[in-house]
Amino acid sequence: MNAIDSKRIWLSSPHMGGTEHTFVKEAFDTNWVAPLGPNVDGFEKDIESYLENGMYAAALSSGTASLHLGLKLLGVSNGDEVLCQSMTFAASANPIVYLGATPVFIDSEKDTWNICPEQLEIAIKDRIAKGKKPKAIVAVHLYGMPYKVEAIHSIASAYNIPVLEDSAEAFGSSYHGIKCGTFGDIAILSFNGNKIITTSGGGALVSKNQKHRQKAIFLATQARDNAPHYEHSEIGYNYRMSNITAGIGRGQMQVLDSHVNKRRSNFEFYKKNLEDFSEINFLEEPSGYHANRWLSCIETSSYELREGIRLVLAEENIESRPLWKPMHQQAVFADCDAYLNGISDDLFNRGLCLPSGSNLEEDDLYRIVSVIKNVLR
Ligand SMILES: *Cc1c(COP(=O)(O)O)cnc(C)c1O
């Protein structure tokens, strides 16, 4: 097929359900065009009832802003150290630096590609021996696959270190029937344009502790004290979600579960069509795990094959992308300590994210698979 003639297939593009307009129009009709209003309240309630387990949600301007406030609420400040999963998007680590703290990176394990319990405990012991107990742990459910919740949280509680659960990619995933976003002392969600549901840009901070929600909203609205004039005793931020974008979010909540099902069926399609090739491997769900399969990823047998597939897909106007480059390999974090076992380096060399949108059509999936099969043959 000629790439010029063929439709572009994206990695993960926005997918509206249909009712978003109604909520947005209502905001215009009632002049709630502000960083507060009924859609913001309604979206927060929708998130809370979806997650169950008595969660409190604060809708904010982005997942990154939610991480920033979340780490601040966990007490992270100037000079502290925070343990952070190395294989992730930079937004998991950047807010540590915003607070004047230093990230210390932890490698992945093979079963979920997420933060390795063994390396985590080695790091905690080593940092304590060096005289500085880590202030928090940032654990990520990468590509929607839950991290080893029991192992990570039992280590964290044994050493009494709070966990910031980065659930930006895992809205709709669950672990032994319990939704991701409910495990950390504080968790965050993202509604960026490429995520499983989107508000065009946005995020949420969620916690079982209502005080965390209240304080997050206080900080997100310029830390305004209770007074008729503008009175401030703390530094604040402008991080609240707008009532317009929250309207998109309310519509998207109605299709979250169907988006999860579609993304999971994308993964099954790739697996069914490619699993007979010994050069391609898929990350299976460990028992009790339910991944939203935000992105369908493959592990190829070599860097050369991965690049071969990626470049031929690009020629065919199909977007794919290597897995996240670990933070310990990033120039900006070159001075940070890291506890490594080689796993994330290897995944970065051989792994590829395939188009995964909930709006992919069957023709698109067949087109992608036939291009990959041609490379393998
Ligand atoms: C998308 C993402 C974020 C940041 O969310 P934004 O809403 O884009 O700021 C944080 N962590 C991970 C793992 C992400 O994928």
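A polar contact here is a pair of N or O atoms within 3.5 Å; within protein, one must be able to donate a hydrogen and the other to accept it, and residues adjacent in sequence count only if both atoms are side-chain atoms. With that in hand, a polar side-chain atom of Thr64 lies 2.5 Å from an oxygen atom of the ligand. Please keep in mind that this is a predicted model, where local features need pLDDT of at least 70 and side-chain atom pairs count only at pLDDT 80 or more, while totals for chains, interfaces and linings use all residues. Residues are numbered from 1 along each chain as its sequence is written, and side-chain values use heavy atoms, with hydrogens and water left out.

- The ligand has 16 residues around it (a heavy atom within 4 Å), and Gly63, Thr64, Glu169, Ser190 and Lys195 come nearest.

**The shell**
- Helix α3 (residues 63-73) gives the largest share of the shell, three residues; helices are DSSP runs of H or I with at least four residues, strands are runs of E with at least two, and both are numbered from the N terminus.
- By residue class, the shell holds five nonpolar, eight polar and three charged residues, with Gly counted among the polar ones.

**Aromatic pairs**
- The structure holds 13 aromatic pairs, meaning rings of Phe, Tyr and Trp (its six-membered ring) with centres within 6.5 Å; planes under 30 degrees apart are stacked, over 60 edge-to-face and the rest tilted.
- Trp113 and Tyr143 pair edge-to-face, 6.3 Å centre to centre with 90 degrees between the planes.
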